[in-house]
Amino acid sequence: MKASKLHLRWVLGLSLTLAITVVVVIGQAQPRKPDVHYVPTPYHVVAEMLRLAGVTPNDVVYDLGSGDGRVVITAAKDFGARGVGVDIDPQRIQEGRANARKAGVADRVQFLQQDLFETDIREATVITLYLLPKLNVQLRPKLLGELRPGTRVVSHTFTMEDWHPDKELRVPGSSSDHAVYYWVVPADVAGIWRWSVLTPTGEERYRLRLHQRFQEVDGTLSADGAEVPIANATLTGDHLRFSAAIGTLARQGLVAFAGRVIGDTIQGRMTAHSGVSLAQHDWMAHRDTAQ
Ligand SMILES: C[S@@+](CC[C@H](N)C(=O)[O-])C[C@H]1O[C@@H](n2cnc3c(N)ncnc32)[C@H](O)[C@@H]1O
């Protein structure tokens, strides 16, 4: 009786040890699988993507899911940029490194074997993608949260759903056209902004209320009690422009406002054409952070 109890305990203990060992070994031997299979972007499409992004030697191009490294290698070789390729598949990383050496750009291109969702992308000035629609949408909060306003994003074939592209083009392919989409990461401008300017008739106080959906902006501007909708609003990176018929400058029509967004301030010029003369003022708005 005692012997069979001992035997049972021994069997249970051994099974538990085996089960733990199997879990640990499987856990180590199976790194996370790629979220999308490797399919290379044709070289002539790579060139159009980098051209659309306006890549220059001042850029740092990150290809998230870099495959054989062709995007970042082309960015370094033909556009003079620095490149960082990120891929989760070790075989792709090896290919990328070997291809960079062959192309003579190993000193300007780096490959990271990582999950692109966990990669630090803050230094990128250009991001390139060839993933899947759902991965682009999953990546959106990271792109908008980590990248500096003005960073360009280019995607082969796939959109970002309701983050509409700033530009798009079709590149002819062997069987069909390749769609290429381009976005500029917008600054955060939502909220209420206040400033005042000194005009020949006294101090004018402005309050700008902005609503934002990615780079699409609208809102109202009020000065001295009157409130009007803003028109022609554009937000490209940290450059905000709009116009409004308001204030003493507006006697002859719309006043054009242009400014650069830096955190909770906007600094720029407001301009009104009246006949042949031009009236201009600097403006510096502060976001109302107490709302
Ligand atoms: C469609 S290929 C694009 C390759 C390259 N960007 C191009 O345009 O030629 C997608 C690449 O993403 C990689 N990948 C998939 N999921 C990933 C992840 N979570 N993190 C990093 N790379 C990933 C795959 O291994 C594959 O090489």
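This is a predicted model: local features need pLDDT of at least 70, side-chain atom pairs count only at pLDDT 80 or more; totals for chains, interfaces and linings use all residues.
Strand β2 spans residues 82-87. Six of its six residues are buried, so β2 is largely enclosed by the rest of the structure. Arg82, Val84 and Val86 point one way from the strand, while Gly83, Gly85 and Asp87 point the other way. In a regular strand, side chains alternate between the two faces of the sheet.

β2 pairs with two strands. With β1 (residues 60-64) the pairing is parallel and runs over five bridges, and Asp63 stands opposite Gly85 of β2. With β3 (residues 109-113) the pairing is likewise parallel, over five bridges; here Asp87 is opposite Gln113 of β3.

Ala81 lies in the loop between α3 and β2. Ala81 counts as buried because 24 C-beta neighbours fall inside 10 Å, the cut-off being 20 or more. Beyond its neighbours within four places in sequence, Ala81 contacts Val55, Thr56, Pro57, Asp59, Val60, Val61, Ala75 and Ala76. Of these, Val61 is 20 residues away in sequence, with a C-alpha to C-alpha distance of 7.0 Å.

Helix α3 (residues 70-79) also packs against α2 (residues 43-52): the axes come within 10 Å and cross at roughly 65 degrees, in a right-handed crossing. Tyr43, Val46, Ala47 and Leu50 of α2 meet Arg70, Val71, Thr74, Ala75 and Phe79 of α3. By class, this contact comprises seven nonpolar residues, one polar and one charged.

How values were computed:
Residues are numbered from 1 along each chain as its sequence is written. Axes are lines fitted to C-alpha atoms, for helices over the stretch in contact, and angles run from 0 to 180 degrees between N-to-C directions. Helices (H or I, at least four residues) and strands (E, at least two) are DSSP runs, numbered from the N terminus. A crossing is left-handed if the near helix is turned anticlockwise from the far one by less than a right angle, and right-handed if clockwise. Two residues are in contact if their C-beta atoms, placed from the backbone, lie within 7 Å. Ala, Val, Leu, Ile, Met, Phe, Trp, Tyr, Cys and Pro count as nonpolar, Asp, Glu, Lys and Arg as charged, and the others, Gly among them, as polar. A residue is buried if 20 or more other C-beta atoms lie within 10 Å of its own, exposed if 12 or fewer, and partly exposed in between; C-beta atoms are placed from the backbone. Two strands pair if DSSP finds at least two bridges between them.
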